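Student: I've got a protein open on my screen. Can you help me read it?

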Amino acid sequence: TKKGDRITVSTAISSTGIEGAKANLLAEVPTDDFDHYREKAREAWNSELRHIEVESDDPDKLTTFYTALYHSMIAPTIFSDTDGSYRGPDGNIHKTSGTNYGTFSLWDTYRAEMPFLGIIQPKRSADMINTMVDICSQQGRLPVWHLWGNETDCMVGNPGIIAVADAIVKGLPGIDRERAYQALLTTAADTARGGALREKYGYIPCDLMNEAIAYDMEYAIADGAIAQAAKAMGDTATFRKFNERSHSYRNYFDPTTGFIRGRFADGSWRTPFDPNATTHRMDDYCEGNAWQYTWLVPQDIDGLQECFGSREKTIQALDQLFTTSSELTGDDASPDITGLIGQYAHGNEPSHHTVYFYTMLGQPDKAADIIRKVYSDFYTVHPDGLAGNEDAGQMSAWYILSSLGFYQVEPASGRYWFGAPLYEKAEIEVPAGTFTVKAENLSPENKYIRKVTLNGKDYDKMYIMHDDIINGGELIFTMGK
């Protein structure tokens, strides 16, 4: 070669070895025509981005939406070779009949990314769930944060449970529900990562483990998801057991301050207490503080109201979350606490459901106001257009679902609560055909949902079920002042 020559390099990788990489190269890169692959990539992305067509007169809104849709599909990533072979966490070579996936940032993605993909990409989602169940059989528990065939145990809780339970409840085609259900129970019985302490005390004492509150509260969410899966499987005894376990967070609620705060093994509270305090990955929470974690109870809004004393007091406390000072205190404040409205932190996942509590508590207009502020402030077309780490698609999946007008708050519920539709019309490809969402009379002034119809009939609920979405039809929001 000489200066000015163009060199084309073709590469391939494999977890199984050099021969696997060579086979992948021959199967996936049969020619060295760069323009050919550029065109194939364009066609592939256009095919996927057509899953949802939204209408808007604002080009920035369209750019933001389709950028988010693109981001939502980058991960999880294919891990198996073209013949289905892959190296499991046990170090052995296995073979899948579908596609094996990796890059499971589940602490982030169980909240919106995984439910969203279950709507528009059910086959791919089934392969992801099957991968998680296979991981359980190979390493003894469902994944936490799996990367390149290895368990990193990055982040807290048992988020793999939540993703698998959600798929069971929704009857995701292509999964073995019984095998998946057993993976839930196997993982929930694990005593590592604070599990033994939780069994002994009923919660994880903060003097015995770092990030105890975060671990326990995420375990409680997973327990709530198992309870819903048990109900779907007709297992009443298991439902009762895990429904009760999902209330463990109540041990941390201090009625004298109105916050979730650190509690020791002897039942005493950690002092001094400052709800604004945060020390990155070295305190009772995880990438958050008492303001954010007090609301990390998507599985039990009724129980949280009992903690506060009434619905009115719960709403007052929620109002304060969004209106208090955004100051963070501490020597090493977590850099992940970003996108602040008061102490609500949209830039990190534990807050993502919280605004929808307003809808659940009977004040949807407040939810709509804040959701629209999140759209305008934290999702833009600029290089810094996201308020926090994309986290493998979760930040964008929140935007996609919310802008369509609904969001799944309670894991493994199949229920999506209404918020603030952003587009006049959206057509979503679903297994049964098309699910159309319209926001009639939508304008900057007419931003509140005043009437809902589903398939031509008046609809009096403030949520829609997963089955109603995937079965196709038409949801119409009539907007007003």
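Student: Okay, which residue in strand 20 is the bridge partner of Ala439?

Tutor: That's Phe477. Keep in mind that this is a predicted model, where local features need pLDDT of at least 70 and side-chain atom pairs count only at pLDDT 80 or more, while totals for chains, interfaces and linings use all residues. Residues are numbered from 1 along each chain as its sequence is written, and side-chain values use heavy atoms, with hydrogens and water left out.

Student: How do you know that strand 16 and strand 20 pair?

Tutor: Two strands pair if DSSP finds at least two bridges between them. Strand 16 (residues 433-440) and strand 20 (residues 473-480) have 6 bridges, in the parallel sense, so they pair by that rule.

Student: What order do the strands of the open sheet have?

Tutor: The 6 strands run 1-15-16-20-17-18, with mixed pairing. Strand 1 (52-55) and strand 18 (457-458) are the edge strands, as each pairs on one side only. Strands here are DSSP runs of E, at least two residues, and helices are runs of H or I, at least four, numbered from the N terminus.

Student: Why are helix 10 and helix 11 called roughly antiparallel?

Tutor: Their axes cross at roughly 160° and come within 7 Å. Axes are lines fitted to C-alpha atoms, for helices over the stretch in contact (heavy atoms within 4.5 Å), and angles run from 0 to 180 degrees between N-to-C directions. Angles over 145 count as roughly antiparallel, under 35 as roughly parallel, 65 to 115 as roughly perpendicular and the rest as oblique. Helix 10 and helix 11 are therefore roughly antiparallel.
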